[in-house]
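Reader: Could you walk me through how to read a few features of a model like this one? I would like the general idea and then the case at hand.

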Amino acid sequence: MAKTAEQMQQDLLRPVIETSGRFSTAIVGLALLVLAGFSAWMYQIYTGIGVAGINRPVFWGFYITNFVFWIGISHAGTLISAILRLSNATWRRPITRCAEVITVFALLIGAMFPLVHLGRPWLAFWLAPYPNQRGLWPNYRSPLLWDFFAINTYLIGSLTFLILPIIPDCALLRDNLSGWRSKFYGALCLGWRGTQKQWRQLETAMHIMAILIIPVAVSVHTIVSWDFAMTPVPMWHSTIFAPYFVVGAIFSGIAALIIAMVFLRSSLHLEEYLTPHCFDNLGKLLLVMSLLWFYFIFAERLTTWYGNTTSEVAVLWQTVRGPYRHLFWAMVGCNFVVPFPLLAIKKLRTIAGTFLASVTVVIGMWIERYLIIVPSLSHKFLPYAWGTYRPTWVEITITGATFCTMALLYLVFSKLVPVVSIWELKAGLRE
Amino acid sequence: MPVLGRLAGEGTRSPLGNRLMSHHWGMAVDLDRCTGCEACVIACQAENNVPTVGEEAARRSRTMHWIRIERYYEGEFPNPRVRFRPVLCQQCDNAPCEPVCPTYASYHTSEGLNAQIYNRCIGTRYCANACPYTVRTFNFFNPAWDKPLHLQLNPDVSVRQVGVMEKCTFCVQRIKAAEIQAKAENRELREGEPTPACVQCCAPKALVFGDLNDPASEVSRLSRSPRGTKLLGELGTQPKITYLQRESWNGEDR
């Protein structure tokens with residue numbers, strides 16, 4: 001990078017200091033769409049959960065699909081950035097923060113869905129263990145309770161992991177702004193003065209968090225997978241689910257990161273920071289995950305088919321050549337057939353190529369979660385009780401609104417904090 | 001796994017303690033006797049304040065019957081045959097619905113019943129997914145009854161709110177009433193005293209209910225029958241309902 005530290009600082013602080021008309025339009029537009037989703041949710045609470053398309057036997061539908069999907073996306077950041085930090089990959093410097101912030105926002109969105117899907121969401125706090133007048137602890141044998149703790153742990157951990165490296169940049173903003181904004185960032189940077197001791201403490205804290213957050217991230221999607229794997233439902237009750245889900249989560253997470261980076265790059269003019277080199281490296285990571293994903297789904301389907309248990313095979317055929325076949329083959333196309341050549345051939349692994357591959361992967365991984373949940377539930381053991389599922393406008397609106405929520409939160413964040421860590425880039429210059 | 005062991009193992013122990021269960025309620029369903037008349041379905045609906053969801057919801061697969069008659073067809077026209085099987089909560093001794101509930105709404109009582117405690121239910125619907133028999137029903141909306149059925153609600157049974165899971169209770173209100181009566185008269189419970197609504201109205205006596213702890217009871221005798229099978233017994237859920245398989249099936253009389 002030929003830029004000096006001062007130019008860098010100017011480039012990266014500009015989006016925070018100046019506000020363009022386009023930005024305000026985007027914020028208002030997205031906020032309206034989020035409001036639409038929120039209204040749909042309020043309508044559902046007021047009318048009853050029955051306005052969703054769920055039925056007997058398909059008791060879980062779009063909401064749980066979204067839950068698993070967004071928790072999966074949340075593996076973008078913290079896990080990837082932690083691994084890159086620990087392995088000291090220098091190309092990580094411009095991308096760690098974009099990644100870490102995806103984690104926090106995707107987790108917030110994902111963690112909202114168990115509430116959205118509850119029959120009586122106003123009683124959701126009963127999951128928390130606190131001395132209560134009911135004289136009852138929550139049931140620690142329930143995977144849903146494990147979820148509750150795993151997700152909260154991950155949220156606290158990834159928030160810490162996001163905030164720690166923001167502190168020096170907030171101090172920078174404090175020094176470069178005036179008036180109330182300077183005071184605002186002064187409060188956010190928690191008295192950062194940039195002394196030798198503070199830098200040492202920050203480095204130690206980040207190192208500890210980078211190590212701690214990896215097992216936490218793995219545990220989160222493991223436990224999400226156990227929501228399914230612990231129950232005797234055909235094609236759910238599988239030992240492969242935990243690693244399969246973790247791999248799928250990292251897979252969709254990297255794809256989400258690439259998409260976010262492409263938008264940031266063009267809208268905030270970060271062409272010289274988010275370089276083709278970064279995309280090339282992330283593309284390679286995505287390729288590895290695509291192969292791993294294919295390996296897992298192949299192993300899962302092959303053992304089910306070969307094992308030939310009646311109930312399991314019934315679900316298998318439902319997906320592969322039954323009514324869900326279009327979705328199934330679209331998923332294989334989106335997660336493997338399309339991204340594989342785009343990412344494997346060096347000439348195609350450009351920014352446009354990785355972007356296209358990432359978009360298909362995100363779509364494919366959403367379908368994957370849907371195909372894990374719905375076909376199994378609609379074809380359990382007794383044929384008389386088989387069913388189908390069709391989402392309603394409420395579910396579709398809320399699902400669409402979550403993507404807008406992500407974009408909105410991301411935009412707001414990019415206005416508050418430089419999305420590329422300035423001090424880390426400067427540290428890279430010195431090396 | 002002491003807790004799981006107790007649940008899965010000896011049916012005479014309560015999941016919470018070492019106390020012997022005084023009763024272990026079970027049922028036998030004689031498939032040879034079932035005519036598929038669905039009187040049990042209606043009786044259950046009336047007894048337990050089960051909402052009538054209406055045509056539109058039924059089309060969306062949201063009926064709330066706690067007991068259903070499954071129909072399976074065999075053969076081609078003009079000789080089609082139909083098999084009936086009444087399916088209700090199997091009251092499993094090792095129930096998959098119980099451990100997954102985060103709020104203990106799905107709960108094993110000391111008499112071996114799979115109780116559903118409506119007040120505790122927050123509506124995750126996890127229990128219904130875990131149940132291999134798909135016998136749990138969910139209140140997608142607040143309950144409603146076609147007029148004039150709203151005038152015949154059973155005062156012994158609570159009415160459930162929107163977002164709450166419900167299921168067959170073996171008419172626990174009748175069991176409790178019989179137990180209280182027996183205790184008031186200072187005597188043991190007699191066989192046939194607690195009778196669920198479905199059993200009471202089963203004209204061909206296909207459904208038999210009783211105490212499995214009493215080896216002399218009719219339900220115990222039928223449960224030991226060589227015709228007896230458990231529905232999806234291979235899953236290890238240890239259902240307390242025994243299905244007596246048909247013997248008349250291959251005869252020309254049907």
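Predicted model: local features only at pLDDT ≥ 70, side-chain atom pairs only at ≥ 80, totals over all residues.

Reader: Let's start with helix 3 of chain A: what span should its 12 residues have?

Author: Helices here are DSSP runs of H or I with at least four residues, strands are runs of E with at least two, and both are numbered from the N terminus. The expected span of a helix is 1.5 Å times one less than its number of residues. For helix 3 of chain A (residues 62-73), that gives 16 Å, and the end C-alpha atoms are 16 Å apart, which agrees.

Reader: How many residues of helix 3 of chain A are buried?

Author: A residue is buried if 20 or more other C-beta atoms lie within 10 Å of its own, exposed if 12 or fewer, and partly exposed in between, with C-beta atoms placed from the backbone. In helix 3 of chain A, 12 of its 12 residues are buried, so the helix is mostly covered. Among them are Phe62(A), Asn66(A), Trp70(A) and Ile73(A).

Reader: And what covers the buried residues of helix 3 of chain A?

Author: Contact means that the C-beta atoms of two residues, placed from the backbone, lie within 7 Å. The cover includes helix 5, helix 9 (196-229), helix 10, helix 15 (351-378) and helix 16 (393-416) of chain A. Helix 5 (residues 96-117) also holds Pro114(A), which is buried because 22 other C-beta atoms lie within 10 Å. Pro114(A) and Val68(A) are 46 residues apart in sequence, and their C-alpha atoms are 9.9 Å apart in space.

Reader: At what angle do helix 3 and helix 15 of chain A cross?

Author: Axes are lines fitted to C-alpha atoms, for helices over the stretch in contact, and angles run from 0 to 180 degrees between N-to-C directions. Angles under 35 degrees count as roughly parallel, over 145 as roughly antiparallel, 65 to 115 as roughly perpendicular and the rest as oblique. The axes of helix 3 and helix 15 of chain A come within 9 Å and cross at roughly 135°, and the two helices are therefore oblique to each other.

Reader: Which residues make the contact between helix 3 and helix 15 of chain A?

Author: Helix 3 of chain A brings Ile64(A), Thr65(A), Val68(A), Phe69(A) and Gly72(A), and helix 15 of chain A brings Met365(A), Trp366(A), Arg369(A), Tyr370(A) and Ile373(A). As background, an α-helix has 3.6 residues a turn, so residues three or four places apart point the same way. For classes, Ala, Val, Leu, Ile, Met, Phe, Trp, Tyr, Cys and Pro count as nonpolar, Asp, Glu, Lys and Arg as charged, and the others, Gly among them, as polar. The contact of helix 3 with helix 15 of chain A divides into 7 nonpolar, 2 polar and 1 charged.

Reader: How do helix 7 and helix 8 of chain A cross?

Author: The axes of helix 7 (residues 167-176) and helix 8 (residues 179-188) of chain A come within 8 Å and cross at roughly 155°, which means that the two are roughly antiparallel. Cys170(A), Leu173(A) and Arg174(A) of helix 7 meet Ser182(A), Tyr185(A), Gly186(A) and Leu188(A) of helix 8.

Reader: How many residues of chain A are in contact with chain B?

Author: 34 residues of chain A touch 34 residues of chain B. On the chain A side, the largest share, 3 residues, comes from helix 6 (residues 143-163). By class, that side has 22 nonpolar, 8 polar and 4 charged residues.

Reader: Is His269(A), with its positive phi, buried or exposed?

Author: Phi of His269(A) is near 55°, a positive value in a residue other than glycine. His269(A) is exposed, because 12 other C-beta atoms lie within 10 Å. Phe170(B) has phi near 60°, also positive, but Phe170(B) is buried, with 25 other C-beta atoms within 10 Å.

Notes
Residues numbered from 1 in each chain as written. Chains lettered and ligands numbered in written order.
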